[in-house]
Amino acid sequence: MSKLVRYGLVVLLFLVLVAVRAFEDVLFYDPYLSFFKKDYLYIDSPRREVAKLVAFTSLRYLINTIASLGIIYLLLKDKGMLKLSILLYSGAFILLIIPFLYFVINPRQEDYYLFFNVRRFLIQPLFLILFLPAFYYFKLNR
């Protein structure tokens, strides 16, 4: 695969990540999008359908993960790093979905800030921002 095609695919995958963020209101059910834009520390949790919310949050995580894994593989060209990334993304999902479910089922105002941050790691490609430089640095020093 030529460099032009590889970098073109990387740009396309970044555009997928941008599109997921730009069209989040249309693509995903998430009553917390507008909730966290307000002064959420002083208002009650919005009405929500738990199963639907968890399903759409998981779908968004999956889309972000697939795009991120594609970017990592295309930039680093290392199947070992890709396998490690898959393990890290899978483990992170399991570790984050449990507190996410707890906060959705038991909303308390004193937990909103922690819930906001757990939810952020599930719906935004923050792991790509963490993993890509770390893997690149590791590859340089190998």
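This is a predicted model: local features need pLDDT of at least 70, side-chain atom pairs count only at pLDDT 80 or more; totals for chains, interfaces and linings use all residues.
Q: What span should α5 have, and what do its end C-alpha atoms give?
A: Helix α5 covers residues 79-105, which is 27 residues.

Q: What follows α4?
A: Lys 77 follows α4, and Lys 77 sits in the loop between α4 and α5. Its phi is positive, about 50 degrees, although Lys 77 is not a glycine.

Q: Is Lys 77 buried or exposed?
A: Exposed, because its relative accessibility is 53% and the cut-off for exposed is over 50%.

Q: Which residues of α5 are buried?
A: The buried set is Met 81, Ser 85, Tyr 89, Ala 92, Leu 96, Ile 97, Phe 100, Phe 103 and Val 104.

Q: What do those buried residues pack against?
A: Four helices: α3 (32-35), α4 (50-76), α6 (112-123) and α7 (126-141).

Q: Take Ser 85 from that list. Why does it count as buried?
A: Ser 85 has 0% relative accessibility, so it counts as buried. Leaving aside neighbours within four places in sequence, Ser 85 is in contact with Leu 69, Ile 72 and Phe 135.

Q: Let's zoom out. What is the secondary structure of the chain?
A: The chain has 7 helices and 0 strands. From the N terminus on, the order is α-α-α-α-α-α-α.

Q: What box do the C-alpha atoms fill?
A: Roughly 50 × 30 × 25 Å, taken along the principal axes.

Q: How much of the chain counts as buried?
A: 39% of the 142 residues. The accessible surface is about 8700 Å², and 70% of that belongs to carbon and sulfur atoms.

Q: What share of the contacts comes from residues 24 or more positions apart?
A: 71%, out of the contacts in the chain with a separation of 6 or more.

Q: How many positive and negative side chains are there?
A: There are 17 positive and 9 negative side chains. The centres of the two sets lie 14 Å apart.

Q: On to some arginines. Where is Arg 119, and is it buried or exposed?
A: Arg 119 lies in helix α6. At 5% relative accessibility, Arg 119 counts as buried.

Q: What does Arg 119 touch?
A: Not counting residues up to four places away in sequence, Arg 119 touches Asp 30, Tyr 32, Leu 33, Phe 36 and Phe 100. Leu 96 is 23 residues from Arg 119 in sequence, and their C-alpha atoms are 8.0 Å apart.

Q: Phe 36 is on that list. Where is it?
A: Phe 36 is in the loop between α3 and α4. At 10% relative accessibility, Phe 36 counts as buried.

Q: What is Phe 36 in contact with?
A: Leaving aside neighbours within four places in sequence, Phe 36 is in contact with Tyr 112, Phe 115, Phe 116 and Arg 119.

Q: How far apart are the C-alpha atoms of Phe 36 and Lys 3?
A: They are separated by 41 Å, with the two residues 33 apart along the chain.

Q: And Arg 6, which helix is that in?
A: Arg 6 is in α1, residues 3-22. Its relative accessibility is 7%, so Arg 6 counts as buried.

Q: Which residues does Arg 6 touch?
A: Met 1, Leu 74, Leu 75 and Lys 77, not counting residues up to four places away in sequence. Leu 76 is 70 residues from Arg 6 in sequence, with 11 Å between the C-alpha atoms.

Q: Last one: Leu 128. Which helix, and what is it in contact with?
A: Leu 128 lies in helix α7 and counts as buried at 6% relative accessibility. Leaving aside neighbours within four places in sequence, its contacts are Phe 14, Leu 17, Ser 68, Ile 71, Ile 72, Tyr 89 and Pro 133.

Terms used: Residues are numbered from 1 along each chain as its sequence is written. Side-chain values use heavy atoms; hydrogens and water are left out. Helices (H or I, at least four residues) and strands (E, at least two) are DSSP runs, numbered from the N terminus. Buried means under 20% relative accessible area, exposed over 50%, partly exposed in between (1.4 Å probe, protein chains only). Contact means heavy atoms within 4.5 Å. Accessible areas come from the Shrake-Rupley method with a 1.4 Å probe; for residues, only the protein chains shown count as cover. Lys and Arg count as positive and Asp and Glu as negative; His and the chain ends are not counted. The place of a charge is taken as NZ of Lys, CZ of Arg, CG of Asp or CD of Glu. The expected span of a helix is 1.5 Å times one less than its number of residues.
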